[in-house]
Amino acid sequence: AALPLALQVRLVMKAHSFIRENVPRVLSSVKDKSGTVHIPRISQYLYFLFAPTLIYRDNYPRNPTIRWGYVATKFAQVLGSLFYAYYIFVRLCIPQFRNSSQETFNLRGLVLCIFNSILPGVLILFLAFFAFLHCWLNAFAEMLRFADRMFYK
């Protein structure tokens, strides 16, 4: 449920940026009664939907070629992160909760279970951020030849 919600929030933010950049341009050209109204092409909007940015521009800096080895490396890192997260769950999280499900409920057991799950949870959170924000976005930026890679600024 969290992933579709995150995707919807991203699409709403992109639509807001697109409207915010283009409506004033169209209104000013209508107000000036100039003959040409600059309306973005559908290809520009589609590129913006897949580009790893939330700020709409008509043109972005582009690389001349796609480095497919770089793309493969980033996707391999995503897969490695998924396997490592699975390993953390199997070795550190599931045994904690499996043991607690066989015992009667007490507050001490709950607190111990939560504290024993904090470090694995933080590791999985770091893995998720690394896999998505660094690997996934960089792989798609390379495939789209997106040259402005200031994701962290």
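**Figure 1. Salt bridges in the predicted model.** The count of salt bridges in this structure comes to 3. The model is a predicted one. Side chains of opposite charge can pair when their charged atoms come close. The pairs are R57 with E21, R25 with D58, and E142 with R67. Each is taken up in a separate view below.

**Figure 2. Close-up of the R57 and E21 pair.** The side chains of R57 and E21 form a salt bridge, with 3.4 Å from N to O. This pair links distant parts of the chain: R57 sits in the loop between α2 (42-50) and α3, and E21 belongs to helix α1 (residues 2-31), 36 residues apart. R57 is partly exposed, because its relative accessible area is 39%. E21 is also partly exposed, with a relative accessible area of 31%.

**Figure 3. Close-up of the R25 and D58 pair.** A salt bridge joins the side chains of R25 and D58, at 2.6 Å from N to O. R25 lies in helix α1 and D58 in the loop between α2 and α3, so the pair ties together parts that are 33 residues apart in sequence. R25 has a relative accessible area of 28% and is therefore partly exposed.

**Figure 4. Close-up of the E142 and R67 pair.** Here the side chains of E142 and R67 meet in a salt bridge, 3.0 Å from N to O. The pair links distant parts of the chain, with E142 in helix α4 and R67 in the loop between α2 and α3, 75 residues apart. E142 has a relative accessibility of 1%, so it counts as buried, the limit being under 20%. R67 is partly exposed, with a relative accessible area of 45%.

**Figure 5. The second largest pocket and its lining.** The volume of the second largest pocket is about 270 Å³. Helix α4 contributes the most, with 6 residues. The residues that line the second largest pocket are L3, V78, S81, L82, A85, F89, I124, L127, A128, A131, F132 and W136. By class, this lining divides into 11 nonpolar residues, 1 polar residue and no charged residue.

**Figure 6. A nonpolar patch on the surface.** The patch is formed by F105, L107, L110, V111, I114, F115, I118, V122 and F126. Together these residues have about 920 Å² of accessible area. One of them, L107, lies in helix α4 (residues 107-143). L107 is exposed because its relative accessible area, 61%, is over 50%.

**Figure 7. The loop between α3 and α4 at N106.** N106 is found in the loop between α3 and α4. With a relative accessible area of 38%, N106 is partly exposed. The C-alpha atoms of N106 and R62 are 59 Å apart in space, and the two residues are 44 residues apart in sequence.

**Figure 8. A141 in helix α4.** A141 is placed in helix α4. Its relative accessibility is 0%, so A141 counts as buried. A141 and N116 are 25 residues apart along the chain, and 38 Å separates their C-alpha atoms.

**Figure 9. I66 and its distance to F146.** I66 lies in the loop between α2 and α3. At 26% relative accessibility, I66 counts as partly exposed. I66 and F146 are 80 residues apart in sequence, while their C-alpha atoms are 9.6 Å apart in space.

**Figure 10. Backbone of R145 in the segment after α4.** R145 is located in the segment after α4. Most residues other than glycine have a negative phi. R145 is not a glycine, yet its phi is positive, at about 60°. R145 counts as partly exposed, because its relative accessibility is 27%.

Terms used: Residues numbered from 1 in each chain as written. Predicted model: local features only at pLDDT ≥ 70, side-chain atom pairs only at ≥ 80, totals over all residues. Heavy atoms only, no water. Patch = residues over 30% accessible without salt bridge, like charges linked within 9 Å, V, L, I, M, F, W, Y side chains within 5 Å. Areas by Shrake-Rupley, 256 points an atom, 1.4 Å probe, with all protein chains shown as cover. Salt bridge = Lys/Arg side-chain N within 4 Å of Asp/Glu carboxyl O. Helix = DSSP H or I, 4+ residues; strand = E, 2+ residues; numbered from the N terminus. Buried < 20%, exposed > 50% of the residue type's maximum accessible area, 1.4 Å probe, protein only. 1 Å grid on protein atoms, 1.4 Å probe; cavity = no way out; pocket = protein on both sides within 12 Å on 5 of 7 lines; lining within 4 Å. Points joined across faces, edges and corners; volume = space filled by probe spheres on them. Nonpolar A, V, L, I, M, F, W, Y, C, P; charged D, E, K, R; others polar.
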